[in-house]
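Have the structure open as you read.

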Amino acid sequence: MSRAAVVESTDEAVAGIEDGSTVLVGGFGLAGMPFDLIDALIRQGAKDLTIVSNNAGNGDVGLAALLAAGRVRKVMCSFPRQVDSHVFDALHREGRIELEVVPQGNLAERMRAAGAGIGAFYCPTAVATPLAEGKEVRRIDGRDYLLEYPIRGDYALISAHRADPMGNLVYRRTARNFGPVMATAAATTIVQVGEVVPLGGLDPEAVVTPSVHVDRIVRVDTRHYTVQGAR
């Protein structure tokens, strides 16, 4: 049986996240960002967090709001800077936040490796660049590869389209992004969804994340953001 729990509020969903936790946060820019869970995490008060995400926040909402609240010690991401990353930019210039840049494919694969129980893997991405500093290099079939280690999270905060009471998840288009691999790579996976359907209400062939990877589910009203704000 699934161990997932359908909880009543986002505050209940993020209860117990400890200071110093590594938190995997879904989203491709604003698409699929778990805004309500992040807002609840800000209210909850956990600090000194390491955040793993595709980018380092947009505008003043979602992940950017968590950074602005001073709760994040380090960001691991692929795209730390974009046109609306002013919160991260300011914090990084002032030396108030650490950054580890991880190429996007490596980011996904390192989390997938964590979920699959893979101890490490070799990858050619970033060979002979500053990102290779301090990493083991091995030549395989005449090509250099870097040794990469899994990225594991204490928690994952992700957004899905629908769930059933057992915790099976389906996603909507681009909002799917890193959700599936993050769900497998975290010790505790917390999901906000737009709808919880009755058991049997999801086509089994459409389920992307099975319930075994999900711990807490909360239903929220869908919010859409642009660079300028909410709509």
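## A buried lysine and its partner

Lys74 is buried, at 18% relative accessible area. Keep in mind that this is a predicted model. The side chain of Lys74 forms a salt bridge with that of Glu100, at 3.0 Å from N to O. Lys74 belongs to strand 4 (residues 72–77) and Glu100 to strand 5 (residues 98–101), so the bridge ties together parts 26 residues apart in sequence. Glu100 comes out as partly exposed, at 25%.

Glu148 and Arg110 pair up at 3.9 Å, N to O. That link runs from strand 8 (residues 143–148) to helix 5, 38 residues apart. Both ends are buried: Glu148 has 2% relative accessible area, and Arg110 has 9%.

## Helix 5

Helix 5 (residues 104–116) spans 18 Å between its first and last C-alpha. Its buried residues are Asn106, Leu107, Arg110, Met111, Ala113 and Ala114. They sit on the same side of helix 5, because they cover an arc of only 155 degrees around the axis. After helix 5 comes Gly117, with a positive phi near 75 degrees.

What about Asp164? Asp164 is buried but has no salt bridge, and the nearest oppositely charged side chain, Arg162, is 11 Å away. Asp164 sits in the loop between strand 9 (153–163) and strand 10 (169–170). A polar atom of the Asp164 side chain does lie 3.0 Å from the backbone nitrogen of Met166.

Methods:
Residues numbered from 1 in each chain as written. Predicted model: local features only at pLDDT ≥ 70, side-chain atom pairs only at ≥ 80, totals over all residues. Heavy atoms only, no water. Helix = DSSP H or I, 4+ residues; strand = E, 2+ residues; numbered from the N terminus. Buried < 20%, exposed > 50% of the residue type's maximum accessible area, 1.4 Å probe, protein only. Lys, Arg positive; Asp, Glu negative; His and termini not counted. Salt bridge = Lys/Arg side-chain N within 4 Å of Asp/Glu carboxyl O. Polar contact = N/O pair within 3.5 Å; in protein donor to acceptor, adjacent residues only side chain to side chain. Expected span 1.5 Å × (residues − 1). Arc of directions from axis to C-beta.
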